[in-house]
Amino acid sequence: MTLQLEQDLSTDLHVQQLGGRIGVRIDGVRLAGDLDDTTVQQVRAAILKHKVVFFRGQDHLDDDAHIAFAERLGTLTTAHPTVNTGSERIYTLTANKGMAANSWHTDVTFVDRVPAFSVLRGVTIPPHGGNTVWANTVEAYDRLPDALKALVENLWAVHTNAYDYADRDEREDFDDEVAVARRKEFRRTTYETSHPVVRIHPETGERALLLGHFVKQFVGFNSLESSTLFNLLQNRITRLENTIRWTWQQGDVAIWDNRATQHYAVADFGEEPREVRRITVAGDVPVSIDGRHSEVLVGDASGFADIDALIG
């Protein structure tokens, strides 16, 4: 069912638009598992319309309350398909020297069941740096010239967690022992999935580009061709006009539509500690313009997200 994005958000919530194409801050809400249904629906509508929403001053949230609120948005996944986080639901990302997410990506696209929403809470925020940037992949598709739309609408890409992203991004942490250990754990179980480059959003009916740093190769293209095409399309997604940058404060919460965005955590905070905690709401298997579903090539992600529960 296609959502009417024009639905009324004018309630007790104070919604401040931050970017021309993406991002709002919502004030007047205390996030909790017992938040009333009307407010939850208004928050959800804001996420779908603006792609990422931010809340200040949610210091009252602990892990249990974080989980309880996230459950109001849908069925939760496990913390991560491959990384042992020590928690069933919470993926804790800590760093005091760079971080693993400092490249453009949509979360967990190497599996078939791409998450719907991510709910990220700022626990330890450095005194400077450590911002996160989001990009709107619906706007990126909409603004493609017709010739590029004709190409990408029939294009598929293989996404995997086993690809060596450090070579592509030339990351400075390539030889760092902690970073090497993290990459090894991230790849301990291999997943590969073929996704349509243009997916139909299951709630809004919008068309969005499905790319990011988990892309290994485009189907039918060699490595050089894939790299050239990838950079062409990614540059369209991450144009500054298409992005919003958030300066974290302790107790902030960011919620984004993972089916319509990419994001990038900026590793510019030196040796200062940084910790954020993410809870993920399960999503469906992407569908192409011509109605085909993403195809699993390697791996079984049924333990990460129960999509049968979504259907039921």
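Guide: Strand β7 (residues 156-160) pairs with β11 in the antiparallel sense over three bridges. In β11, F218 is the bridge partner of A157. This is a predicted model: local features need pLDDT of at least 70, side-chain atom pairs count only at pLDDT 80 or more, and totals for chains, interfaces and linings use all residues. Residues are numbered from 1 along each chain as its sequence is written, and side-chain values use heavy atoms, without hydrogens and water.

Visitor: What makes β7 and β11 a pair?

Guide: Two strands pair if DSSP finds at least two bridges between them. β7 and β11 have three bridges, so they pair. Strands themselves are DSSP runs (E, at least two residues), helices are runs of H or I of at least four, and both are numbered from the N terminus.

Visitor: Why are β11 and β16 said to stand at the edges?

Guide: The open sheet has four strands in the order β11-β7-β8-β16, with antiparallel pairing. β11 (215-218) and β16 (295-298) each have a single partner strand, so one side of each is left without a neighbour in the sheet.

Visitor: What makes β6 and β14 a pair?

Guide: Five bridges join β6 (residues 132-136) and β14 in the antiparallel sense. In β14, Q262 is the bridge partner of A135.

Visitor: Which residues of helix α2 are called buried?

Guide: In α2 (residues 63-70), they are H66, I67, F69 and A70. Buried means under 20% relative accessible area, exposed over 50%, partly exposed in between (1.4 Å probe, protein chains only).

Visitor: How do you know that they are on the same side of α2?

Guide: They cover an arc of only 165° around the axis, which puts them on the same side. The arc is that of the directions from the helix axis to the C-beta atoms.
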